Amino acid sequence: MQPFLKWAGGKRWLVQQIPQIFPFEYNTYLEPFLGSAACFFYLEPERSILSDTNGKLIETYLALKKSHAKVHDLLKYHARNHSEAHYYKVRAQKLNALHTKSAQFIYLNRTCYNGLYRENKKGIFNVPKGTKTSVILSTDDFNKTAGLLKHSELCHCDFEDTIDRANEGDLIFADPPYTTAHNLNGFVKYNQNIFSWKDQERLKEALVRADMRGVKILVTNAAHQSILELYSDFGNIFVLNRRSVISGLNKGRSDTSEFLISNYKLPCTDIEELKLKMPLSKEYQNFDASP
Ligand SMILES: C[S@@+](CC[C@H](N)C(=O)[O-])C[C@H]1O[C@@H](n2cnc3c(N)ncnc32)[C@H](O)[C@@H]1O
């Protein structure tokens, strides 16, 4: 099924473009950088551990798991009342009940500028209203969402805690924020505060430990020399090319590349495996993933 949130770096496009990247068999599915959970909703696994450091995001999933009908009713209320004034009133509300916070989160996600999630220094969501007006989507099926989440453990935690819980035969899909070493463009500087190069190294080390326990692993990351060097002794590295819309003046549409790294043989055969040549051609030395 489709994710119900729009999320920066969301992998909806990946499962639409090349869905055959997951192994046919695995025990528990672990997704330590959950965001909009595009891969979880595509796979619909029987058992899963899902986590993210965004506490409000995890609360949103928890509320749907426990009381999806209440969340849906409130979302319908927001749809009926949607306006500029309503958006800013809801954005400013400090709520306590889980289902009210969840409806607030989904409403703001669907109507804010570009579906962005950004907080100020006090931890308050501060994205302005966008142009989208659909609060209820034709793809919404909160009953099914709740059913899928019923067999999921949802955790508000750092990725390492989740990865360290994976056992032999489990599957980890890791889609971290993209940061690279030695790169000074604005996007990376901004993201460095969220996910530093030290975090990238910590992620790789946690995945190596999981690999040694017999866990199946799939990682996405920036198509950049530093990531290639970091994962040069780990599994197979593939290049994903996609047409994407880049926002900003005169940028229009362009091709972007990302790496897909796996420690198992991918079922699909039609993506290019990177021939490890160091240093890489110029295209992997500059990373520009401006959202
Ligand atoms: C690229 S997004 C994941 C997108 C997701 N695959 C999807 O389909 O929407 C990365 C996520 O990592 C989360 N994150 C950032 N730092 C983290 C950390 N140290 N541990 C766990 N999650 C983290 C962010 O909150 C964000 O939701």
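**A walk through the model**

Tutor: Happy to! Let's start with a pair of residues: I172 has I217 in β5 as its bridge partner. Strands here are DSSP runs of E with at least two residues, helices are DSSP runs of H or I with at least four residues, and both are numbered from the N terminus. This is a predicted model, in which local features need pLDDT of at least 70 and side-chain atom pairs count only at pLDDT 80 or more, while totals for chains, interfaces and linings use all residues. Residues are numbered from 1 along each chain as its sequence is written.

Student: How many bridges join β4 to β5, and do they run parallel or antiparallel?

Tutor: Four bridges join them, and the two strands run parallel. Strands count as paired if DSSP finds at least two bridges between them. Another facing pair is L171 with K216 in β5.

Student: And what about β1 and β4, how many bridges there?

Tutor: Two bridges link β1 (residues 29-31) to β4, and these strands are parallel as well. Here L30 is the residue opposite I172 in β4.

Student: Which way do the residues of β4 point?

Tutor: L171 and F173 point one way, I172 and A174 point the other way, and all are buried. Buried means that 20 or more other C-beta atoms lie within 10 Å of a residue's own; 12 or fewer makes it exposed, anything in between is partly exposed, and the C-beta atoms are placed from the backbone. In a regular strand the side chains alternate between the two faces of the sheet.

Student: Is β5 mostly covered or mostly open?

Tutor: Mostly covered: seven of the seven residues in β5 are buried.

Student: Which residues touch the most other members of the largest nonpolar core?

Tutor: I172, L207 and A210 do, in a core of 53 residues. A nonpolar core is a set of buried Ala, Val, Leu, Ile, Met, Phe, Trp, Tyr and Cys residues joined through C-beta atoms within 7 Å. The largest share of this core, seven residues, comes from α3.

Student: Why does the core lie between the two domains?

Tutor: Because domain 1 (12-53 + 157-284) and domain 2 (59-145) both give residues to it. Those domain bounds come from an automatic or database domain assignment.

Student: What does A210 touch?

Tutor: Leaving out residues up to four places away in sequence, A210 touches I163, A166, I172, V215 and I217. A contact means that the C-beta atoms of two residues, placed from the backbone, lie within 7 Å.

Student: New topic: which residues of α6 are buried?

Tutor: In α6 (residues 142-149), T145, L148 and L149 are buried. They sit on the same side of α6, because they cover an arc of only 95 degrees around the axis. That arc is taken from the directions from the helix axis to the C-beta atoms. The buried residues of α6 pack against α3 (55-81) and β3 (152-156).

Student: Where is A37, and is it buried or exposed?

Tutor: A37 lies in the loop between β1 and α2 (38-43). A37 is buried, because 29 other C-beta atoms are within 10 Å. Its phi is near 60 degrees, a positive value in a residue other than glycine.

Student: What is the phi of E44?

Tutor: Phi of E44 is near 50 degrees, also positive in a residue other than glycine. E44 is in the loop between α2 and β2, and it counts as partly exposed, with 13 C-beta neighbours inside 10 Å.

Student: What does G235 contact?

Tutor: Setting aside neighbours within four places in sequence, G235 is in contact with I217, I261, S262 and N263. G235 is found in the loop between α10 (225-230) and β6 (236-245).

Student: Last one: what does the pLDDT average over the chain?

Tutor: The average is 87, and 84% of the residues score at least 70. pLDDT is the predictor's confidence in each residue, from 0 to 100. Over residues 245-253 the pLDDT is below 50, and this stretch has seven contacts in the model beyond near neighbours in sequence. Residues 287-291 are below 50 too, with 14 such contacts. Where pLDDT is low, the predicted coordinates should not be read in detail.
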